[in-house]
Amino acid sequence: MEPIADAAATASPVIEKRGLLDHPRGLWVLAGTELWDRISWHGMVAMLVLYMTGELLLPGRVEHVVGFATYRAGLEHVFGPMNVTQLATQTFALYFSAITFLPLVGGWIGDKVMPAARR
């Protein structure tokens, strides 16, 4: 009677197929996805600032935005007088800061506050 061979010893090694420059194919998909994400992000930034300067912040329209006078007064108190382009750019900068740093605040709250509430 022949001994039963160990399946791991007889299995042939898996050979990973490589793509361009000897990188895995999935890396190129990931890089392409990141590229289009960055392109769409910068396009969105440009369109948002152009929309605010060309449509939203025009006299006669901006007065209908609730709380805008207070918002503009607060920004001008911190940064000085601003024209429409500077105001639109600063608004986007505040938006970008919020989406970048608020997850850190949420993580801190989750780590420091929420475990105490579970006890």
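Predicted model: local features only at pLDDT ≥ 70, side-chain atom pairs only at ≥ 80, totals over all residues.

I started with Trp41, which counts as buried at 17% relative accessibility (buried is under 20% relative accessible area, exposed over 50%, partly exposed in between, with a 1.4 Å probe and protein chains only). Residues are numbered from 1 along each chain as its sequence is written, and side-chain values use heavy atoms, leaving out hydrogens and water.

Next I checked the aromatic pairs and found five in the structure (ring centres of Phe, Tyr or Trp, its six-membered ring, within 6.5 Å; planes under 30 degrees apart are stacked, over 60 edge-to-face, the rest tilted). Trp41 and Phe96 make a tilted one, at 5.5 Å centre to centre and 50 degrees between the planes. Trp41 sits in helix 2 and Phe96 in helix 4, so this pair ties together parts 55 residues apart in sequence (helices are DSSP runs of H or I, at least four residues, numbered from the N terminus).

I looked up Phe96 too: at 39% relative accessibility, Phe96 counts as partly exposed. Phe92 and Phe96 have ring centres 6.4 Å apart and planes at 20 degrees, so that pair is stacked. Both lie in helix 4, four residues apart, about one turn of the helix. Phe92 is buried, with a relative accessible area of 12%.

Which residues do ring pairs link into a cluster? I get Trp41, Phe92, Tyr95 and Phe96.

Methods
Helix = DSSP H or I, 4+ residues; strand = E, 2+ residues; numbered from the N terminus.
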